Amino acid sequence: FKRAVIINADNVESYTNLGIIYLLAERLEEARGAFERALQLDPKHAETHYNLALLYERRGIWPKAFAHYERFIELAAPKHRALVTKVRERLQTLSQRRQG
(Lines give C-alpha, C1' and ligand atoms only; values in the text may rest on other atoms or scores of the structure.)
Protein backbone atom coordinates (compact mmCIF):
# COMPACT_ATOMS: atom_id res chain seq x y z
CA PHE A 1 0.00 0.00 0.00
CA LYS A 2 2.95 2.33 0.47
CA ARG A 3 3.75 1.85 -3.19
CA ALA A 4 0.09 2.38 -4.12
CA VAL A 5 -0.04 5.78 -2.42
CA ILE A 6 3.20 6.78 -4.12
CA ILE A 7 1.84 5.79 -7.53
CA ASN A 8 -1.56 7.42 -6.94
CA ALA A 9 -1.51 9.94 -4.12
CA ASP A 10 -5.24 10.59 -4.52
CA ASN A 11 -6.42 7.04 -3.82
CA VAL A 12 -8.55 7.04 -0.67
CA GLU A 13 -8.77 3.24 -0.49
CA SER A 14 -4.98 2.87 -0.57
CA TYR A 15 -4.54 5.29 2.33
CA THR A 16 -7.29 3.57 4.29
CA ASN A 17 -5.77 0.14 3.67
CA LEU A 18 -2.32 1.42 4.60
CA GLY A 19 -3.81 2.80 7.82
CA ILE A 20 -5.38 -0.57 8.61
CA ILE A 21 -2.03 -2.31 8.15
CA TYR A 22 -0.37 0.22 10.47
CA LEU A 23 -3.21 -0.19 12.98
CA LEU A 24 -2.79 -3.96 13.01
CA ALA A 25 0.95 -3.51 13.51
CA GLU A 26 0.32 -1.13 16.45
CA ARG A 27 1.98 1.72 14.54
CA LEU A 28 -0.78 4.03 15.68
CA GLU A 29 0.67 7.40 14.74
CA GLU A 30 1.38 6.21 11.20
CA ALA A 31 -2.11 4.73 11.02
CA ARG A 32 -3.62 8.03 12.13
CA GLY A 33 -1.66 9.86 9.45
CA ALA A 34 -2.84 7.52 6.72
CA PHE A 35 -6.47 7.75 7.86
CA GLU A 36 -6.30 11.54 8.14
CA ARG A 37 -4.91 11.75 4.59
CA ALA A 38 -7.75 9.52 3.34
CA LEU A 39 -10.28 11.83 4.98
CA GLN A 40 -8.63 14.88 3.42
CA LEU A 41 -9.26 13.25 0.06
CA ASP A 42 -12.81 12.13 0.91
CA PRO A 43 -14.34 13.39 4.17
CA LYS A 44 -17.36 11.14 3.60
CA HIS A 45 -15.44 7.86 3.40
CA ALA A 46 -17.31 5.80 5.97
CA GLU A 47 -14.77 3.00 6.32
CA THR A 48 -12.01 5.47 7.15
CA HIS A 49 -14.13 7.04 9.89
CA TYR A 50 -14.74 3.57 11.32
CA ASN A 51 -11.06 2.68 11.38
CA LEU A 52 -10.08 6.04 12.82
CA ALA A 53 -12.66 5.47 15.57
CA LEU A 54 -11.03 2.11 16.35
CA LEU A 55 -7.66 3.81 16.57
CA TYR A 56 -8.88 6.53 18.92
CA GLU A 57 -10.70 3.98 21.04
CA ARG A 58 -7.52 1.95 21.33
CA ARG A 59 -5.66 5.09 22.44
CA GLY A 60 -8.40 6.02 24.92
CA ILE A 61 -9.24 9.28 23.15
CA TRP A 62 -12.97 8.92 23.70
CA PRO A 63 -14.38 12.15 22.22
CA LYS A 64 -12.65 11.53 18.90
CA ALA A 65 -13.56 7.83 18.92
CA PHE A 66 -17.22 8.66 19.52
CA ALA A 67 -17.21 11.39 16.86
CA HIS A 68 -15.80 9.08 14.20
CA TYR A 69 -18.12 6.21 15.15
CA GLU A 70 -21.07 8.58 14.87
CA ARG A 71 -19.87 9.90 11.52
CA PHE A 72 -19.48 6.31 10.32
CA ILE A 73 -23.08 5.58 11.31
CA GLU A 74 -24.31 8.65 9.43
CA LEU A 75 -22.43 7.77 6.26
CA ALA A 76 -22.65 3.97 6.25
CA ALA A 77 -26.23 3.25 7.29
CA PRO A 78 -27.53 2.26 3.85
CA LYS A 79 -24.45 0.28 2.81
CA HIS A 80 -23.22 -1.42 6.00
CA ARG A 81 -26.34 -2.13 8.04
CA ALA A 82 -24.91 -5.01 10.08
CA LEU A 83 -21.76 -3.10 11.01
CA VAL A 84 -23.78 0.02 11.82
CA THR A 85 -25.82 -2.05 14.26
CA LYS A 86 -22.63 -3.37 15.89
CA VAL A 87 -21.17 0.14 16.13
CA ARG A 88 -24.35 1.43 17.77
CA GLU A 89 -24.13 -1.39 20.31
CA ARG A 90 -20.43 -0.64 20.85
CA LEU A 91 -21.18 3.05 21.46
CA GLN A 92 -23.82 2.11 24.00
CA THR A 93 -21.40 -0.23 25.80
CA LEU A 94 -18.64 2.39 25.81
CA SER A 95 -21.02 5.05 27.12
CA GLN A 96 -22.12 2.78 29.97
CA ARG A 97 -18.50 1.96 30.90
CA ARG A 98 -17.51 5.61 30.93
CA GLN A 99 -20.48 6.49 33.15
CA GLY A 100 -20.02 3.57 35.50
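Which residues form one aromatic cluster?

Modeller: Tyr 50, Tyr 69 and Phe 72 make up one aromatic cluster. Before we dig in, a word on the source: this is a predicted model, where local features need pLDDT of at least 70 and side-chain atom pairs count only at pLDDT 80 or more, while totals for chains, interfaces and linings use all residues. Residues are numbered from 1 along each chain as its sequence is written, and side-chain values use heavy atoms, with hydrogens and water left out.

Okay, the rings. A pair of aromatic rings is described by the distance of the centres and the angle of the planes. Rings of Phe, Tyr and Trp (its six-membered ring) pair if their centres lie within 6.5 Å; planes under 30 degrees apart count as stacked, over 60 as edge-to-face and the rest as tilted. The structure holds 2 aromatic pairs. In one of them, Tyr 50 and Phe 72 have ring centres 5.3 Å apart and planes at 50 degrees, so that pair is tilted. It ties together distant parts of the chain, with Tyr 50 in helix H4 and Phe 72 in helix H5 (residues 62-76), 22 residues apart. Helices here are DSSP runs (H or I, at least four residues), numbered from the N terminus.

Next, which way does H5 face? Buried means under 20% relative accessible area, exposed over 50%, and partly exposed in between (1.4 Å probe, protein chains only). Phe 72 counts as buried, at 1% relative accessibility. The buried residues of H5 are Ala 65, Phe 66, His 68, Tyr 69, Phe 72, Ile 73 and Ala 76. They cover an arc of only 170 degrees around the axis, which puts them on the same side of H5; that arc is taken from the directions from the helix axis to the C-beta atoms. Look at the other side of H5 and you'll find Pro 63 and Glu 74 exposed.

And what do the buried residues of H5 pack against? Helix H3 (28-41), H4 and helix H6 (81-99).

One last stop, in H4 (residues 46-59), is Asn 51. Asn 51 is buried too, with a relative accessible area of 10%. Neighbours within four places in sequence aside, Asn 51 is in contact (heavy atoms within 4.5 Å) with Thr 16, Ile 20, Leu 23 and Phe 35.

Methods. Helices (H or I, at least four residues) and strands (E, at least two) are DSSP runs, numbered from the N terminus.
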